[in-house]
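Hi,

Here is the structure for you to look over. My notes follow below it.

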Amino acid sequence: MQSASPIKACSPEDLDSLYQRLQTVITPAEWARFAPDIAAINALKKERRAVILAHNYMTPEIYHGVADVVGDSLALARKAALIEADVIVVAGVHFMAETAKLLNPDRTVLIPDPTAGCSLADSITPEDVRALRAKHPGVPIVTYVNTSAAVKAECDICCTSGNAKQIVESLGVPEVIMVPDGFLAQNVARQTDVKLIIWHGHCEVHERFSPQILAGYRAAHPGLSIVAHPECPPDVVQASDFAGSTVGMSDWVVQHHPEKVMLLTELSMSDNVAVDHPEITFVRPSVPCPHMKKITLASIRRALETNTHQVEISQALIAPARRAVERMIAVG
Ligand code: 13P
Ligand code: SF4
């Protein structure tokens with residue numbers, strides 16, 4: 001599992017040594033804009049007893065400059081369950097902030113931009129889940145963590161890209177409903193004997209990759225290793241050298257140390273891994289997640305200065321949605 005940068009820069013000396021690490025992915029002109037915000041955010045965190053949980057898709061100045069905990073959705077949920085700070089800032093999309101709030105209902109949880117959504121979370125409603133349950137009575141429902149708290153509250157257990165097969169099999173039944181990511185479910189179905197009833201949601205970033213695009217990159221970069229996220233279509237996963245969660249992808253790079261690699265996922269992932277591996281050539285797919293990219297240093301600073309935007313979840317949803325997340329965490 002990754003850990004955040006040990007440097008939490010506030011002083012000019014700290015900022016200088018941080019930039020030494022980041023200069024391969026951040027230009028001097030960008031750094032001149034970022035450095036004052038990084039110093040201010042790190043000072044505000046101390047003042048407010050705040051921690052920043054940052055997803056792997058955050059830009060490098062956030063990921064390496066101000067985050068206290070970095071990781072995939074599973075790591076962030078696990079860490080959120082153990083936090084003791086007064087304020088939790090989630091540098092990620094809305095469902096991630098809701099997950100942190102579910103696990104910390106009495107703490108202040110802030111999301112720098114509440115409009116940072118997710119095409120998967122938008123693809124299914126609580127009514128859809130109730131209709132599936134009515135159509136398949138007695139079949140347990142696994143929900144990808146990329147869903148609203150209202151959808152989680154209707155489901156039996158959550159999963160992430162890092163544990164989906166394990167969660168499906170932990171239920172010990174022959175048939176499971178898996179929502180909302182159709183591609184993730186198809187990729188899991190290829191690895192398990194459990195029959196999956198699948199929903200049709202897609203990630204607007206990962207659905208853009210195709211075997212033809214991969215073939216083009218392989219032709220242009222002989223010897224290229226390709227690592228895919230399981231939200232990619234199954235034919236893309238099959239044409240890749242490995243598929244795993246965002247943490248799984250970076251762990252694969254660290255373990256296999258390829259000369260040239262392409263991470264088939266949101267573009268900031270490559271920058272964040274490349275900072276610690278200047279000897280590896282990263283061929284970048286230029287696909288940003290428009291929702292993740294709404295989180296910036298400026299919006300994080302504003303969140304800490306103004307104590308906004310506070311994540312609230314209705315009392316009626318907290319217990320059932322939290323149960324689905326905690327059941328997942330308990331699977332290990
Ligand atoms: P991970 O849990 O693998 O980090 O994925 C979250 C996500 O939103 C991928 O698009
Ligand atoms: Fe959602 Fe896809 Fe963005 Fe991840 S990359 S937050 S799944 S839209």
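The shell around ligand 2 splits into 8 nonpolar residues, 3 polar ones and 1 charged one. This is a predicted model, so please read everything here with that in mind. Tyr-57, Val-93, Cys-118, Ser-119, Leu-120 and Asn-146 belong to that shell, together with Cys-203, Val-205, Glu-231, Cys-289, His-291 and Met-292. Ligand 2 takes up the space of the largest cavity.

Next, the open sheet. Four strands run in the order β6-β5-β7-β8, and the pairing is parallel. β6 (157–159) and β8 (195–198) are the edge strands; each has a single partner, so one side of each lacks a neighbour in the sheet. On average, neighbouring strands are turned by 35° against each other, direction ignored. β7 (residues 175–179) pairs with β8 in the parallel sense, over 4 bridges. Across that pair, Met-178 stands opposite Ile-198 of β8. Helix α9 (residues 182–189) packs on this sheet and touches β5 (141–144), β7 and β8. The α9 direction makes about 170° with that of β8.

- Val-179 to Pro-180: the peptide bond is cis, omega near -10°. Pro-180 sits in the loop between β7 and α9.
- Thr-308 to His-309: also a cis peptide bond, omega near -5°. His-309 lies in the loop between α14 (297–306) and α15 (315–331).
- Arg-49: phi is positive, about 50°, though this residue is not a glycine. Arg-49 falls in the loop between α2 (28–48) and β1 (50–55).

Best wishes

Terms used: Residues are numbered from 1 along each chain as its sequence is written. Chains are lettered from A and ligands numbered from 1 in the order in which they are written. This is a predicted model: local features need pLDDT of at least 70, side-chain atom pairs count only at pLDDT 80 or more; totals for chains, interfaces and linings use all residues. Side-chain values use heavy atoms; hydrogens and water are left out. A residue is near a molecule or strand if one of its heavy atoms lies within 4 Å of it. On a 1 Å grid over the protein atoms alone, a cavity is a set of points where a 1.4 Å probe fits but cannot get out, and a pocket is an open set with protein on both sides within 12 Å along at least five of seven lines; lining residues have an atom within 4 Å of a point. A molecule sits in a cavity or pocket if more than half of its atoms lie within 2 Å of its grid points. Ala, Val, Leu, Ile, Met, Phe, Trp, Tyr, Cys and Pro count as nonpolar, Asp, Glu, Lys and Arg as charged, and the others, Gly among them, as polar. Two strands pair if DSSP finds at least two bridges between them. Helices (H or I, at least four residues) and strands (E, at least two) are DSSP runs, numbered from the N terminus. Axes are lines fitted to C-alpha atoms, for helices over the stretch in contact, and angles run from 0 to 180 degrees between N-to-C directions. Contact means heavy atoms within 4.5 Å.
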